[in-house]
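Please keep the sequence and the coordinates in view while reading.

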Amino acid sequence: MSAAHFDELIHAPTRLAIVSLLAASEWADFKFIRDTVGLSDSALSKQLTTLEETGYVEIRKGFVGKRPRTTARLTRAGRAAFELHVAALQEMVARSGATILPR
Amino acid sequence: MSEQMSPGEAAQALDEVQRRQQQVIDLVAIPAWYWWAVGGLIVVLGIGVDIRTPAAIGITVPVFVVGLLAVNGWVIGRAYRHAQVRNELLDGPGVLSILGFVAVIVGGTIGLAFTLRAAGVHYPATWACLAGGLVMGLGGPVLNRWLRRVMLGNRAGSGR
């Protein structure tokens with residue numbers, strides 16, 4: 001298996017933002033993702049459903065006290081796909097001779 | 001699509017990947033007041049140990065325990081409301097730093113208290129806890145910055 005693989009599904013700008021947030025999380029709250037990425041409830045639901053159907057994201061619905069709470073997390077397959085995608089991006093940059101400095 | 005993507009676009013995407021991960025990492029930033037609050041609570045405990053009357057113990061120990069639960073609950077609750085940062089970002093050096101910091105505070109405070117008592121200093125536990133509290137207040141933010149740096153270095157796309 002290649003150490004780098006460009007993933008079209010992840011690379012869509014909104015999904016890249018969502019998956020990147022989830023990549024640094026064990027799980028993330030729906031509202032946190034929505035507010036951070038700047039999406040409406042329905043737009044985020046749509047993107048998460050797409051990622052869930054591909055097996056990249058797992059969505060959990062539960063309650064905190066009496067309040068409903070939805071959280072999302074990357075599956076193992078999702079995390080692997082994200083890491084391969086990042087590696088593919090790094091390869092593209094490296095081939096051009098440029099470097100990416102960490103923020 | 002990847003064939004048509006320019007290195008500049010790939011770099012932009014990587015920048016976005018890093019920026020989004022940083023937003024999650026910044027959720028666990030501990031405010032500076034937390035370290036001073038815990039340092040103050042240590043001093044309260046030290047006062048109780050030195051005075052050692054039932055009334056002093058009865059006041060200082062509950063203040064210490066309840067205060068510690070309250071400030072920790074606030075910090076943890078604030079972070080967990082949004083997301084839980086991935087454990088693996090902290091890595092071995094991060095975990096060791098936390099354990100080392102706690103060991104220095106606890107070990108140093110107890111060691112200093114016994115040394116001061118042996119030297120005949122009045123209120124040794126209070127003085128030692130004051131020193132421990134100062135190290136906590138001054139060192140906590142330094143630890144915080146270090147842990148943030150470790151986590152940022154371990155995020156995907158950081159070049160490691």
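How many residues does the contact take from chain A, and how many from chain B? The model is a predicted one, and in it chain A gives 30 residues to the contact while chain B gives 33. On the side of chain A that touches chain B, at least two residues come from each of α1, α2, β1 (25-29), α3 (30-37) and α5. Helix α5(A) has the largest share of that side, with nine residues. Sorted by class, the side of chain A that touches chain B consists of 18 nonpolar, six polar and six charged residues.

Chain A itself can be read from its elements. It has five helices and three strands, and their order along the sequence is α-α-β-α-α-β-β-α. Along the principal axes, the C-alpha atoms of chain A fill a box of roughly 55 × 30 × 20 Å. Chain A has 103 residues, of which 36% count as buried. Among the contacts in chain A with a separation of 6 or more, 54% are between residues 24 or more positions apart.

The strands come next. Which strands form the open sheet, and in what order? There are four, in the order β2(A)-β3(A)-β1(A)-β1(B), and the pairing is antiparallel. The sheet therefore has β2 of chain A and β1 of chain B at its edges; each has a single partner strand, and one side of each is left without a neighbour in the sheet. From one strand to the next, the twist averages 25 degrees. Helix α2(A) packs on this sheet and touches β1, β2 and β3 of chain A, with its direction at about 90 degrees to that of β3(A).

β2(A) and β3(A) run antiparallel and are joined by eight bridges. Along this pair, A:Arg60 is opposite A:Thr71, and A:Gly62 is opposite A:Arg69. The two strands form a hairpin with two residues between them, and A:Gly65 in the turn has a positive phi of about 70 degrees. On to the next pair: β3(A) and β1(A) are antiparallel as well, paired over two bridges, with A:Ala28 opposite A:Ala72. The sheet then passes into chain B, where three bridges join β1(A) to the antiparallel strand β1 (residues 83-85) of chain B. In that pairing A:Trp27 stands opposite B:Gln84.

One residue of β3(A) can be followed in more detail. A:Thr70 lies in strand β3 of chain A. Is A:Thr70 buried or partly exposed? It has 17 C-beta neighbours inside 10 Å, so A:Thr70 counts as partly exposed. Apart from neighbours within four places in sequence, A:Thr70 is in contact with A:Phe30, A:Ile59 and A:Lys61. A:Phe30 is 40 residues from A:Thr70 in sequence, yet the C-alpha atoms of the two are 5.5 Å apart in space.

Which residues of α5(A) are buried? They are A:Gly78, A:Ala81, A:Phe82, A:His85, A:Val86, A:Ala88, A:Leu89, A:Gln90, A:Met92 and A:Val93. In chain A, these buried residues pack against α1 (8-11), α2 (13-23), α4 (41-53), β2 (57-64) and β3 (67-74). From chain B, α1 (7-25) is also part of this packing. Just after α5(A), A:Gly97 takes a positive phi of about 90 degrees.

The last stop is a pair of helices within chain B. Helix α2 (residues 32-51) and helix α5 (residues 124-154) of chain B have axes that come within 8 Å and cross at roughly 170 degrees. With that crossing angle, α2(B) and α5(B) are therefore roughly antiparallel to each other. The contact of α2(B) with α5(B) has 17 nonpolar, eight polar and one charged residues by class.

Definitions and conventions. Residues numbered from 1 in each chain as written. Chains lettered and ligands numbered in written order. Predicted model: local features only at pLDDT ≥ 70, side-chain atom pairs only at ≥ 80, totals over all residues. Buried ≥ 20, exposed ≤ 12 C-beta atoms within 10 Å, placed from the backbone. Contact = placed C-beta atoms within 7 Å. Nonpolar A, V, L, I, M, F, W, Y, C, P; charged D, E, K, R; others polar. Pairing = 2+ DSSP bridges. Axes fitted to C-alpha atoms, helices over the stretch in contact; angles between N-to-C directions. Parallel < 35°, antiparallel > 145°, perpendicular 65-115°, else oblique.
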